[in-house]
Amino acid sequence: MNMHIDQAKRILVANDRGGYTVPTDRLYPFQWNWDSAFVAMGFALYDTDRAYRELERLVEGQWADGMIPHIVFHQPSDTYFPGPSVWRTKHTIPTSGITQPPVFAIALRKLYEAAGTQAEARTLPLYEAALKWHRWWYKARDPEGTGLVALLHPWESGSDNSPAWDIALARVPTTTQTPVVRKDIGHVNAEMRPRDDDYKRFIHLVDVYAACGWDPAKQWEKAPFKVAEIQTTAILLKAGEDLEHLASLFGRTEDAAEIAALNDRTRKAILAQWRPKLSRFVSRDLISGDDVEAATQAGFIPLLSLDLDTGITDALVTEMKAWSKGLKVAFPTTKPGIASWEPKRYWRGPAWAIINWLLIDGLRRNGRPEAAEELRKSTIMAIETEGFAEYFDPVTGEGCGGLGFSWTAAAYMWLM
Ligand code: DGY
């Protein structure tokens with residue numbers, strides 16, 4: 001067997017905490033939502049039982065209103081901030097109070113296809129959980145029915161300190177009721193992490209929403225940060241397509257029609273966010289009403305869930321090539337050379353294997369197998385050279401952030 005696959009599997013074993021996988025030891029010692037969905041797809045390649053377990057453990061954290069939180073605190077750990085006492089949520093198993101990109105149904109379809117029809121009984125409860133979550137997204141995060149879903153916290157994007165939030169986040173005060181006691185910079189070089197002011201704003205938002213008792217309608221009204229986000233919406237649409245597919249397979253015709261209508265609305269809404277002058281799709285800041293023009297990877301993610309016309313696909317691929325030119329590892333999460341580009345700082349420039357995975361799928365879907373193959377090889381090369389790092393400096397290729405990272409291991413197996 002390829003020794004790297006062997007290593008990837010060993011990382012997943014080392015990060016197993018009893019049916020769920022932590023993203024990496026100490027830095028992220030709990031179950032994270034979209035991490036687990038990617039990890040489940042990795043497991044689906046060789047151990048479907050364990051893959052199902054990953055998703056089953058995640059939905060133990062699902063709220064009564066359908067939200068699947070971004071962190072499930074299955075067992076205590078003192079190596080992470082902010083823990084349950086900062087979130088002050090009411091779920092039986094402690095959880096955070098915000099969510100994360102809905103990769104879950106994408107993973108569920110892959111699992112079901114890997115496990116075969118005998119897995120229907122095990123798939124159905126997870127299908128129901130996904131359906132509830134998708135309904136929550138549309139009700140809680142798109143109450144006006146625009147087709148785009150909004151994030152109320154940068155952590156919900158998974159791209160915590162992306163330049164995409166610079167303008168919207170600058171409006172959020174740095175004052176907090178909760179003392180900010182960072183643990184992350186005890187595990188990872190501070191130069192690779194969000195800055196202190198980012199953390200103060202992240203925690204300010206948590207305080208505001210905790211004061212709303214985590215009620216979605218109150219949060220919507222009070223939110224000092226509200227961005228209808230293109231990457232999350234594109235992921236929601238791909239997951240919605242997979243959910244619709246499962247609904248049809250399971251003979252759930254009413255569900256299938258409901259999901260198809262939501263997908264259709266979202267498809268049109270994403271297309272309306274295409275900006276030819278930028279050669280990218282853009283998010284919308286719902287507080288200022290402005291486009292979010294920051295040059296980040298998010299603008300390319302709609303490749304994943306739309307069948308685009310050739311003109312748009314050509315423009316996206318040309319722009320992606322321009323951003324990747326001269327880099328050791330593609331694809332950068334911020335356009336190289338612009339003022340906000342920081343090739344080692346978390347989501348402000350580095351290349352991430354899971355983002356590449358989404359882009360590769362999107363390029364294939366839109367008939368660009370060569371571009372997909374280039375990105376696939378770049379990702380594999382980075383991992384084989386530097387190991388299963390959280391992310392990679394695109395200029396030097398250096399593996400950065402946490403090491404022994406679960407989703408990098410899953411991405412490697414999936415992309416091989
Ligand atoms: C963190 O704590 O760095 C996480 O990305 C929040 O989910």
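Reply: Helices (H or I, at least four residues) and strands (E, at least two) are DSSP runs, numbered from the N terminus. This is a predicted model, in which local features need pLDDT of at least 70, side-chain atom pairs count only at pLDDT 80 or more, and totals for chains, interfaces and linings use all residues. Residues are numbered from 1 along each chain as its sequence is written, and side-chain values use heavy atoms, with hydrogens and water left out.

Me: Which loop holds Arg-26?
Reply: Arg-26 is not a glycine, although its phi is positive, at about 70°. Its place is in the loop between helix H1 (3–14) and strand E1 (31–32).

Me: What is the omega of the cis peptide bond that joins Ala-330 and Phe-331?
Reply: Phe-331 is found in the loop between helix H12 (310–324) and helix H13 (353–365). For the cis bond joining Ala-330 to Phe-331, omega is about 0°.

Me: How are H2 and H5 oriented to each other, roughly parallel or roughly antiparallel?
Reply: Helix H2 (residues 33–44) and helix H5 (residues 104–115) pack with their axes 9 Å apart and at an angle of about 10°, where axes are lines fitted to C-alpha atoms, for helices over the stretch in contact, and angles run from 0 to 180 degrees between N-to-C directions. Angles under 35 degrees count as roughly parallel, over 145 as roughly antiparallel, 65 to 115 as roughly perpendicular and the rest as oblique. H2 and H5 are therefore roughly parallel.
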